[in-house]
Amino acid sequence: DICANVRSGVQSITVRHDVALLDLPSDVASSCSESSDLDVVGYATVARSCRETTIASEDSLDGSVLLRKWMATDVCGRRTSPQIQTITLEEPHPVLMALSNASVLCHESVHPNATGWAVLQHEMDRKCIQLGGTATRIEYTDKKNGRDCPGFILRRWTATDFLGHTTHATQVITLGCDVSELVPADGKDNDCDAQVE
């Protein structure tokens, strides 16, 4: 004061560092291969932080949707609550290569090992497998037409990928007799069905 009296005091100021806030990219649709390209699907940014912050993400697959969990951690080890970006996966439908029809004798096997397996024109994107997608499943069903033998089988092939996309192809398997076995020594005709056990 004007008399030169001095009195001092201490003030405590607590600096509070709030946990960082994140700005998430928008939910998008993308292929498996592009889902890891942040320039395509977007990346999270720090909206507020007074300290150096590290951003990380984790992916998990839920059917045809990729869930990308974003988190931010500051230098004190404080982590934001996980925030989810949804990436809907879009992949081309599977394509089966053209199947050759087959002919077998009545007593021979009609298993695909003998008549040929359906083959995919393109394998699933490796990135889809890395994300947790299962390999494309190939199955078939048979429908007989006409007599057991001679006759033919319509084999319907179906390819289904992990996104539920399907494609179909049809193969015709002709069942026939060995002509040489139909001309016996006595000259009488044999029934082709007799060759079928």
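Predicted model: local features only at pLDDT ≥ 70, side-chain atom pairs only at ≥ 80, totals over all residues.
Author: A strand is a DSSP run of E with at least two residues, and strands are numbered from the N terminus.

Reader: What pattern does the protein chain follow along the sequence?

Author: Read in sequence order, the pattern is β-β-α-β-β-β-β-β-α-α-β-β-β.

Reader: Which residues is His 168 in contact with, leaving aside its neighbours within four places in sequence?

Author: Contact means heavy atoms within 4.5 Å. On that basis His 168 touches Leu 96, Arg 156, Trp 157 and Thr 158, once neighbours within four places in sequence are set aside. A C-alpha distance is another way to read position: His 168 and Tyr 140 are 28 residues apart in sequence, and their C-alpha atoms are 9.4 Å apart.

Reader: Where does Thr 174 lie?

Author: Thr 174 lies in strand 10, which covers residues 166–176. Its relative accessibility is 36%, so Thr 174 counts as partly exposed. Beyond its neighbours within four places in sequence, Thr 174 is in contact with Ala 102, Ser 103, Val 104, Gly 151 and Phe 152. The C-alpha atoms of Thr 174 and Val 104 are separated by 6.3 Å, although the two residues are 70 apart along the chain.

Reader: Among contacts between residues at least 6 apart in sequence, what percentage join residues at least 24 apart?

Author: For the protein chain the figure is 53%.

Reader: Loops come next. What is the place of Asp 27?

Author: Asp 27 sits in the loop between strand 1 (21–23) and strand 2. Asp 27 is exposed, because its relative accessible area is 52% and the cut-off for exposed is over 50%. Leaving aside neighbours within four places in sequence, its contacts are Gln 85 and Thr 86. Asp 27 and Arg 68 are 41 residues apart in sequence, with 9.8 Å between their C-alpha atoms.

Reader: Where does Thr 134 lie?

Author: Thr 134 is in the loop between helix 3 and strand 8 (137–145).

Reader: Which residues form a disulfide?

Author: A disulfide is a covalent bond between the sulfur atoms of two cysteines. In this model Cys 32 and Cys 128 form one, with their sulfur atoms 1.9 Å apart. The count for the structure is one disulfide. The pair links distant parts of the chain, 96 residues apart: Cys 32 is in the loop between strand 2 (28–30) and helix 1 (38–41), and Cys 128 is in helix 3 (residues 126–131).

Reader: Why is the disulfide of Cys 32 and Cys 128 right-handed?

Author: The disulfide is right-handed because the torsion about its S-S bond is about 100°.

Reader: Is Cys 32 buried or exposed?

Author: Cys 32 is buried, with a relative accessible area of 0%. Cys 128 is also buried, again at 0%.

Reader: What percentage of the protein chain counts as buried?

Author: Of its 197 residues, 29% count as buried. The accessible surface of the chain is about 12,900 Å², and carbon and sulfur atoms account for 49% of that area.

Reader: What volume does the largest pocket have?

Author: Rolling a probe the size of a water molecule over the atoms shows where empty space is left. Here the largest pocket has a volume of about 220 Å³. It is lined by 14 residues, and those closest to its centre are Pro 92, His 93, His 122, Glu 123 and Met 124. By type, the lining has seven nonpolar, three polar and four charged residues.

Note on methods. Residues numbered from 1 in each chain as written. Heavy atoms only, no water. 1 Å grid on protein atoms, 1.4 Å probe; cavity = no way out; pocket = protein on both sides within 12 Å on 5 of 7 lines; lining within 4 Å. Points joined across faces, edges and corners; volume = space filled by probe spheres on them. Nonpolar A, V, L, I, M, F, W, Y, C, P; charged D, E, K, R; others polar. Disulfide = S-S within 2.5 Å. Helix = DSSP H or I, 4+ residues; strand = E, 2+ residues; numbered from the N terminus. Buried < 20%, exposed > 50% of the residue type's maximum accessible area, 1.4 Å probe, protein only. Areas by Shrake-Rupley, 256 points an atom, 1.4 Å probe, with all protein chains shown as cover.
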